Amino acid sequence: MENKRVIIAGVGGQGILLASDLLSDALMKAGFDVKKSEVHGMSQRGGDVVSHIVFGEKVYSPLISFNEADVILAFEKIESLRNIDFLKDDGIMIINSTSILPLPVAAGLMDYPEDPIGEVKKFVKNTYVVDAEKIAKELGNRKVMNVVLLGFLAKNLKDIEKRYWEESLKERLPEKIFEVNLQAFNRGYNLE
Amino acid sequence: MKELLSGNEAVARGAFEAGVHFASAYPGTPSTEILENVAKYKEIHSQWSVNEKTALETAIGASFGGMRAIVAMKHVGLNVAADPLFSVGYIGAKGGLVIVTADDPGMHSSQNEQDNRNYARAAKIPMLEPSDSQEAKDFTKIAFTISEEFDTPVLLRLTTRISHSKSIVQFNDREVVPIKGYEKDIRKNLILPAHARLLHKKVEERFKKLKELSNDFKYNFIEYKDKKVGIITSGISYQYAKEAMPDASFLKISLSWPLPEELIREFAKNVQVIYIVEENDPFLETEIKAMGIDVVGKELIPEVGELNPYIVKVSLGVIQPYTPKQIETKATPRPPALCPGCPHTSVFYAINKNKLIATGDIGCYTLGALPPLSAMDTCVDMGASITNALGLEYALKKAGDNRKIVAVIGDSTFYHSGVTGIIDMIYNGSKGTVIILDNSITAMTGHQDNPGTGRTLMGDEAPIVDIENLVRGLGVKHVKVVDTYNLEEVMQTVKEESERDELSVIIARRPCMLLPEMKKKKFDKYEVDETKCTGCQMCVKIGCPAISFDKNKKKANINYDLCVGCSLCYQVCKFDAIKKV
């Protein structure tokens with residue numbers, strides 16, 4: 001197979017790095033060569049966070065170029081716009097319907113884009129919108145939003161058997177929050 | 001066993017497997033996680049030092065005692081440690097000594113993108129450049145072997161993409177390495193001019209032997225494919241170039257100082273055109289051109305910024321530049337900001353309101369420079385806030401300019417290299433004001449302990465070096481400690497002390513809100529009473545990410561989830577429009 005490329009993008013504090021770790025673990029368990037790149041430092045202070053994951057038989061670069069990503073998983077609407085140039089023409093864009101106001105918007109200096117999802121849809125046929133925040137609230141733990149989204153990604157990736165996902169959740173998460181995360185994963189996985 | 005590790009985690013694993021006894025560092029992105037992960041191996045004594053110079057000197061001490069020692073820092077940290085670096089280049093290493101430098105091409109979290117490969121050349125010490133996590137682990141181990149065999153410190157050079165990208169690493173067991181013990185040897189360890197003259201000769205002899213090693217080194221290797229194009233590359237650039245031109249012939253350089261000259265000449269004979277793919281400086285290019293070999297490098301590959309496969313492909317003419325969809329421009333920028341409830345906010349608010357000149361320093365608080373606080377004028381390097389203020393004070397005085405200056409520095413940065421600056425101020429008769437933002441942690445790099453926290457890297461209790469007593473002991477007569485959540489006290493103290501005609505220090509103290517013990521505390525959140533809000537936006541001006549302003553309604557709003565109850569907005573509101581939830 002050709003190498004596949006996934007971008008997970010969002011805002012500091014949304015659990016991007018954990019989600020990309022869980023994905024990478026599952027890919028390794030499924031027998032792929034995997035490389036993952038992430039941003040640290042300044043971005044932890046409310047900035048945008050992005051993680052690139054490349055997998056296949058043999059991976060060289062951990063970074064993804066323009067027009068290369070098979071899937072982009074955007075945890076926040078603006079972040080789908082920010083990363084759109086990395087998506088292949090026939091790639092899949094998954095957008096979490098959450099808005100997090102950038103500071104210039106909160107301070108009234110700039111505007112939040114009018115219809116980011118509509119803009120993306122003009123270019124990307126395979127755009128899916130998920131209200132992961134609502135599902136996470138229903139499960140009683142808003143922090144599992146990232147794993148809901150990961151579940152939906154898992155369904156769309158098709159490359160990894162479900163048991164590998166479960167194993168990686170089990171290994172990486174503390175026992176007391178494993179069950180709710182597994183539920184979150186399944187809710188995402190079973191979304192239409 | 002295999003695991004996905006970041007380059008930093010892999011270096012830590014390599015140190016463990018190499019039987020390392022001692023590790024030291026000062027935190028700095030992208031190097032911080034190296035020591036955090038080394039500290040997980042209880043077999044290794046690990047410590048945070050107050051700066052990179054003391055970290056390296058301490059590691060040299062451990063090496064004098066026959067221990068295998070590793071020291072890690074970010075690229076600019078090696079500038080601080082450059083003095084001992086050059087000396088230990090002469091002295092060598094009884095116990096293996098490996099110095100890890102994590103460079104930051106693209107300046108993700110740094111003030112410059114200096115290329116530390118130049119240090120290997122300048123200090124005449126060998127350097128290894130891994131290109132993924134497996135190599136990061138393997139090269140750490142090899143570095144110790146080289147260090148002891150050739151009696152030299154070894155530089156292990158990472159870059160952000162090596163440090164912070166993860167790839168699969170195969171694990172091995174820890175090698176049991178005995179501690180060689182200390183023996184007095186002043187002709188080697190005490191570099192008087194008389195000793196150093198002899199040692200310099202030895203360094204040049206050592207360099208010749210290292211050149212031979214580089215030619216035979218198995219990780220410096222040639223992969224012949226299409227011989228029309230040959231690529232010479234090292235580090236992460238190897239991965240990008242492989243992706244850009246998978247069918248070209250490659251010379252991958254891993255021991256990149258000294259360079260494998262014979263191997264390079266052999267490669268040059270067998271390929272038609274040579275491209276050098278390297279980030280930042282033309283380091284390989286300059287050296288290879290000096291060998292009289294014709295290569296193409298920086299004419300095509302940019303010197304500025306981080307490389308990636310796209311840039312390499314476009315530069316080498318493999319693909320045409322991509323035309324952006326032009327909707328990404330609609331993505332509102334998301335600049336980093338001081339967190340909700342950040343204990344530094346009120347100080348910057350006071351600096352702004354008093355229209356003070358603020359010489360700044362390096363840490364989260366550098367973000368105080370951004371609007372709406374806009375309360376910082378300069379940032380040069382660790383500790384520079386204080387000494388910049390001293391020089392500027394003199395310049396303003398001579399020019400008859402009576403504006404007031406404050407130096408703003410964090411607790412960890414103060415321990416790092418602010419103390420010497422204060423001594424300079426006292427000695428040279430400064431009448432300035434230093435504000436030490438004491439949030440009781442090294443916050444920017446992700447909460448590392450420091451001499452003010454009472455804990456060591458290994459989790460043991462440690463004595464606290466009390467900043468107040470320290471500055472008083474040095475001779476500062478006016479020292480005030482303020483709680484930064486008390487805005488009136490902060491405003492008044494900053495005004496008084498900046499106007500005072502004598503040297504003063506304000507310790508603006510409150511722990512970082514992101515510390516686990518602070519997160520556990522119960523607090524009252526605040527909300528806006530819309531019937532009273534006049535839309536004056538005073539609360540917006542404190543720059544809290546939890547506060548937004550609705551332009552249509554002309555009312556402020558506080559995000560319930562983000563509010564941590566610091567009450568600064570409540571304190572600035574003149575209309576009682578902010579109240580506890």
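Colleague: Which residues are buried in helix α13 (residues 283-290) of chain B?

Modeller: In α13 of chain B, the buried residues are B:Phe283, B:Leu284, B:Glu285 and B:Ile288. A residue is buried if 20 or more other C-beta atoms lie within 10 Å of its own, exposed if 12 or fewer, and partly exposed in between, with C-beta atoms placed from the backbone. Helices (H or I, at least four residues) and strands (E, at least two) are DSSP runs, numbered from the N terminus. This is a predicted model, in which local features need pLDDT of at least 70, side-chain atom pairs count only at pLDDT 80 or more, and totals for chains, interfaces and linings use all residues. Residues are numbered from 1 along each chain as its sequence is written, while chains are lettered from A and ligands numbered from 1 in the order in which they are written.

Colleague: Why does B:Cys539 count as buried?

Modeller: B:Cys539 has 24 C-beta neighbours inside 10 Å, and therefore counts as buried. B:Cys539 lies in the loop between β19 (526-528) and β20 (547-550) of chain B.

Colleague: What makes B:Cys573 buried?

Modeller: B:Cys573 has 21 C-beta neighbours inside 10 Å, so B:Cys573 counts as buried. Its contacts (C-beta atoms, placed from the backbone, within 7 Å) include B:Met538, B:Cys539 and B:Ile578, leaving aside residues up to four places away in sequence.

Colleague: Where does UniProt place the feature "binding site"?

Modeller: The unreviewed UniProt entry places it at B:Cys533, B:Cys536, B:Cys539 and B:Cys573. They span 41 residues in sequence, yet no two of their C-alpha atoms are more than 10.4 Å apart, so they gather at one spot. UniProt positions are given in the numbering used here, feature names are shortened, and annotations may be inferred rather than shown by experiment.

Note on methods:
Contact = placed C-beta atoms within 7 Å.
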